[in-house]
Amino acid sequence: MHLIIRENRYQVFVPIGVTSSVCICRAAHQRTAFVVKQPTRTHQPDGHLVKTKVCLRLRPLSASHFPTQNLPYGVFSTAADPRHRIGVAIGDQILDLSAVKSLFDGPILSKRQNVLDEPLSMHSWVLGRAAWQEARATLQKILSASEPVLRDDAKLREVAFVPQSQATMHMPAKIGRTWPVGYHGRASSVVVSGNPIRRPVGQTRPDESQPPVFGPCKLLDIELEMAFFTGPATQLGQQVPISQAEDYIFGMVLMNDWSARDIQKWEYVPLGPFLGKNFGTTISPWVVTMDALKPFIVANMQQDPTPLPYLQHKDNYNFNIKLDVALKVEGVPGPVTVARSNFKNMYWTMKQQLAHHTVTGCNINPGDLMASGTISGETPDAYGSLLELSWRGTKPLDLGSGISRKFLQDGDEVIFTGYCEGDGYRVGFGTCTGKVLPALTVS
């Protein structure tokens, strides 16, 4: 038996007599999302149930970053189950793939269901685009309001869904390498959203007439970036032709590539960015697949001069991803948005980036992370770093309450948000956050 509740344009199917459940919510235009049913019950003194009240927490589908059009992958654990498991975000819930791996019965994954139960490694990425698309089709099927396999199985729902508020997110992959555009790449200091970042110490030269000094960075900055994870591996000496690059790009995350501008300035010649970049990079926990982003493809940037043939592709592979940067600082109520940019401002495409990276025969491994570089638009409010937003510190950003910023201070929290806007829905990345901790004393 089901209780049917209609609220505005929502139709919610609630199984009666289930103590805790995830319910399928269908809007009039047939898009679906999951919401949590929180039942309360009244009992007689002898323990017999006399009344059940169903409480639903509904929100418009357009407000969620994680509708069925998205289905991003991440790695999570809970206090009740500390195992690191692969999950898929749906609404404010996580679908635990280890609990539903038997439902992946397609021609590829039916023989490789074990990959959905392997923590951190995300080995399903290795299987290639056909497997990625099969997995997406299966997820959309089992999460559909018309599909009974989850809708009508209360026990399975009970173990398969975890509220995001009760989960701890981990790195979505064991990163082999991380490659920004053309300079220092390292994987050891890449952390998932929510981890604090320690203010670095190093050599700077604030007075160019004097020798360099050693101490905490005074010009700590952000860089608004995105990055993509690679899928199948290649062999050393093997190129990835631009015509095949899409087969190796699994999905994208938000990225804050923190920068110590004063350390970077001193070391830039002759080393280039090195210690000014290697102290920390933050990524969002959910990997949004390229299939989920396809509806938001826009025209590539016009490139002048025309790139060499190995970097040319006629199909569009740029994406309309809206990006916001906010600062949360002491003394100011709530986060303050300081920049709004868009990934479509990128000059080079990810296909070009991967083709260029591998043209020498450099091999890639599953889980390599390749960053975009700073994403800045043409208007002053679309710049992707405090260095640009404050015009090299000459124009402090007014955050309200008499507080301003040129660069980051200890205790400041940086919040990146990214999403694509569809017709009544969003495909989002969630947030990418990090808080600045004071520098350590070095003897």
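Trainee: Where is Lys277 found in this model?

Mentor: Lys277 is in the loop between H5 and S21. Keep in mind that this is a predicted model.

Trainee: What makes Lys277 count as buried?

Mentor: Buried means under 20% relative accessible area. Lys277 has 1% relative accessibility, so it counts as buried.

Trainee: Which side chain does Lys277 join in a polar contact, and what makes it one?

Mentor: The partner is Glu223, and the distance is 3.2 Å. A polar contact needs a pair of N or O atoms within 3.5 Å, and the Lys277 and Glu223 side chains are joined by one at 3.2 Å.

Trainee: Which residues does UniProt place under "binding site"?

Mentor: The UniProt record, an unreviewed entry, places that feature at Asp257, Lys277 and Thr281. They span 25 residues in sequence, but no two of their C-alpha atoms are more than 8.1 Å apart, so they gather at one spot.

Trainee: Where is Asp257 found, and is it buried or exposed?

Mentor: Look at the loop between strand S19 (249-256) and strand S20 (259-260) for Asp257. The cut-off for buried is under 20%, and Asp257 has 1% relative accessibility, so it counts as buried.

Trainee: And what makes Thr281 buried?

Mentor: Thr281 is found in strand S21. Its relative accessible area is 2%, and buried means under 20%, so Thr281 is buried.

Trainee: How do you know that Thr281 and Asp257 are joined by a polar contact?

Mentor: Their side chains are joined at 2.7 Å, and the limit for the N or O pair is 3.5 Å. Asp257 also turns up among the residues in contact with Thr281 once neighbours within four places in sequence are left aside, including Arg186, Ser189 and Trp258.

Trainee: How many residues apart in sequence are Thr281 and Ser189?

Mentor: They are 92 residues apart in sequence, with their C-alpha atoms 6.3 Å apart in space.

Trainee: Why is Phe274 called partly exposed?

Mentor: Partly exposed is what lies between buried, under 20%, and exposed, over 50%. Phe274 has 37% relative accessibility, so it counts as partly exposed. Its place is the loop between helix H5 (261-271) and strand S21 (281-283).

Trainee: What makes the nonpolar surface patch there?

Mentor: Leu271, Phe274 and Leu275 make it, and it is about 300 Å². Residues of a patch need over 30% relative accessible area, and Phe274 has 37%.

Trainee: Why is helix H7 called largely enclosed?

Mentor: Eight of the nine residues of H7 (residues 350-358) are buried, so the rest of the structure largely encloses it. Among the buried ones are Met350, Leu354 and His357.

Trainee: What makes Ser385 buried, and where is it found?

Mentor: Ser385 is in the loop between strand S27 (369-371) and helix H8 (386-389). It has 2% relative accessibility, and with buried meaning under 20%, Ser385 counts as buried. Its side chain makes a polar contact of 3.0 Å with the side chain of Glu388. Leaving aside neighbours within four places in sequence, Ser385 is in contact with Asp221, Ile222, Arg261 and Thr374.

Trainee: How many helices and strands does the chain have?

Mentor: The chain has eight helices and 31 strands. Of its 443 residues, 52% count as buried. The chain exposes about 20,400 Å², and carbon and sulfur atoms supply 53% of that.

How values were computed: Residues are numbered from 1 along each chain as its sequence is written. This is a predicted model: local features need pLDDT of at least 70, side-chain atom pairs count only at pLDDT 80 or more; totals for chains, interfaces and linings use all residues. Side-chain values use heavy atoms; hydrogens and water are left out. Patches are made of residues with over 30% relative accessible area and no salt bridge: like charges are joined within 9 Å, nonpolar side chains (Val, Leu, Ile, Met, Phe, Trp, Tyr) within 5 Å. Accessible areas come from the Shrake-Rupley method with a 1.4 Å probe; for residues, only the protein chains shown count as cover. A salt bridge is a side-chain nitrogen of Lys or Arg within 4 Å of a carboxyl oxygen of Asp or Glu. Helices (H or I, at least four residues) and strands (E, at least two) are DSSP runs, numbered from the N terminus. Buried means under 20% relative accessible area, exposed over 50%, partly exposed in between (1.4 Å probe, protein chains only). UniProt positions are given in the numbering used here, feature names are shortened, and annotations may be inferred rather than shown by experiment. A polar contact is a pair of N or O atoms within 3.5 Å; within protein, one must be able to donate a hydrogen and the other to accept it, and residues adjacent in sequence count only if both atoms are side-chain atoms. Contact means heavy atoms within 4.5 Å.
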